[in-house]
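The following explanation leads the reader through one structure, step by step. Please keep the sequence and the model in view while reading.

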Amino acid sequence: MEKFFKFKENGTTLSREVIAGLTTFFAMAYIIVVNPTLLSESGMEWGAVFLATIIASIIGTLIMGLVANVPYAQAPGMGLNAFFVYTVCFGLGFTWQQALSMVFICGLINILITVTKLRKFIIKSIPRSLQNAIGGGIGIFIAYLGLLNVGIINFGSGVPALSTLNQPAFWLFLIGLVLTIVLLVCNVKGAILIGIIVTTLLGIPMGVTVTSDTVSFSEACAALPTTFGAIFTSAGLPSLFTDAAKLPLVLVTIFSFSISDTFDTIGTFIGTGRRAGIFSDEDEKAMETNSGFKSKMDRALFADATATSIGAIFGTSNTTTFVESAAGIGAGGRTGFTSVIVAVCFALSAFLATFVSAVPFAATAPALIVVGIMMMSSFKEIKWDDFNEAVPAFFAGVFMAFCYSISYGIAAGFIFYCITKVCKKQIKEIHPIIWVVSFLFILNFILLAII
């Protein structure tokens, strides 16, 4: 095991990787119940999506761990699943079979741009200041995600406000947050995981830690055939191209799926991997090669690309690298064994979903917040007193939290980077890929406004 995962070389241990894997899993376990609940609104069977979510997560995470040897977990992404249901199915009138087919094609496109090294070239073209901004921005994003998940921030009056602390879940969250911070300050090993477990247990007498109604494993298996391979039926891929009048809309939707999926992943890798040393300078040099997958980043991008199409075949929306992987990385995860532990936990959850779903947001939100605090250290590398560098860094780092999207934050950063360089008459410093990507983001915004 040491020879395969190279624990010593990556500055970690077996026990630390196990703790990191458990931390990541509990931080993202909500997707097991939330994803089928959301996608079932489009007409898909809850049990089928439940099992498809778990299978896609297991396969994608195992590929990430065993092929790329990096501590990232994959699962159907939040935001992309909402786009699937509310925009593609409800707003544009596509069936869930057609939406799954578009996700499948999106996965194939991502595989193509990964194999041709286009995604690698995009990453290499991003200026160091923007990379640091993305890293810090991911920190703000996941901290904000934790606050929203637990409901401590509400929008009831039309503006963001602190919720009245009149619910047990809020008090449990505050207890968990203080506990986790104290454990980290005291350098207790496994502090984040201990915080999640203790907070979950404290939630039992408070009535916050409760089990959810789920289907049994046998019921989920019986429902899976309704979604598995649905994209290959007459209601799936063939139906996308029968109406020539709808073809432009189909292509625009696939483009929107692809650009969001691609830059969510790029942002997560840059934001978490560079700071933790997972994607090191040596790895960056290995990326200079033009043949094969010789770097961790190459293999990680390939693992992420394949997961989307695999998930679509089983019956779920875009499977992507979860930003909550940062929780495990914050707990010390540095190799693919962290991912293997996450995959094992997902496999067990197929039989123990009732208990896994009992872990409340109040227990996982503190973990996301403290990891967000750690990641914001990337901001120190930015020259904030230089307005020309500060403007694109601000939009790349902060906008992703404001608009609840990693890819939109990157888009804003790229666009304002081009604007500032043009104003300073430093056009030659703008990499051609940044120009192209900025144009594609602007085109995406225009097309989404039109449809």
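At what angle do helix α10 and helix α18 pack, and how far apart are their axes? In this predicted model, helix α10, residues 191-206, and helix α18, residues 361-375, pack at an angle of about 155 degrees, and their axes lie 8 Å apart. Because angles over 145 degrees count as roughly antiparallel, α10 is roughly antiparallel to α18. The crossing of the two helices is right-handed. On the side of α10, the contact involves Ile192, Ile196, Thr199 and Thr200, which meet Ala362, Ala363, Ala367, Val370, Val371 and Met374 in α18. Sorted by class, the residues of this contact comprise eight nonpolar, two polar and no charged.

Leaving aside residues up to four places away in sequence, Phe414 touches Ile126, Leu130, Phe263, Ile434, Val437, Ser438 and Phe441.

Is helix α3 largely enclosed or largely open? Seven of the nine residues of α3, which spans residues 31-39, are buried, so the helix is largely enclosed by the rest of the structure.

From α3, the contact draws on Ile31, Ile32, Val33, Asn35, Pro36, Thr37 and Leu39, while α4 provides Trp46, Val49, Phe50, Thr53 and Ile54. This contact of α3 with α4 has nine nonpolar, three polar and no charged residues.

The loops deserve attention as well. Where does Asn187 lie? Asn187 is in the loop between α9 (168-185) and α10. Its phi is near 55 degrees, a positive value in a residue other than glycine. Asn187 counts as exposed, because its relative accessibility is 68%. Lys425, found in the loop between α20 (406-423) and α21 (432-450), likewise has a positive phi, of about 60 degrees, although it is not a glycine. With 76% relative accessibility, Lys425 counts as exposed.

A further loop, between α11 (217-223) and α12 (237-240), holds Phe228. Because its relative accessibility is 43%, Phe228 counts as partly exposed. Which residues does Phe228 touch, not counting residues up to four places away in sequence? They are Ile313 and Phe314. Although Phe228 and Ile313 are 85 residues apart along the chain, their C-alpha atoms are separated by 5.8 Å.

Note on methods:
Residues numbered from 1 in each chain as written. Predicted model: local features only at pLDDT ≥ 70, side-chain atom pairs only at ≥ 80, totals over all residues. Heavy atoms only, no water. Axes fitted to C-alpha atoms, helices over the stretch in contact; angles between N-to-C directions. Helix = DSSP H or I, 4+ residues; strand = E, 2+ residues; numbered from the N terminus. Parallel < 35°, antiparallel > 145°, perpendicular 65-115°, else oblique. Left-handed = near helix turned anticlockwise from the far one by under 90°. Contact = heavy atoms within 4.5 Å. Nonpolar A, V, L, I, M, F, W, Y, C, P; charged D, E, K, R; others polar. Buried < 20%, exposed > 50% of the residue type's maximum accessible area, 1.4 Å probe, protein only.
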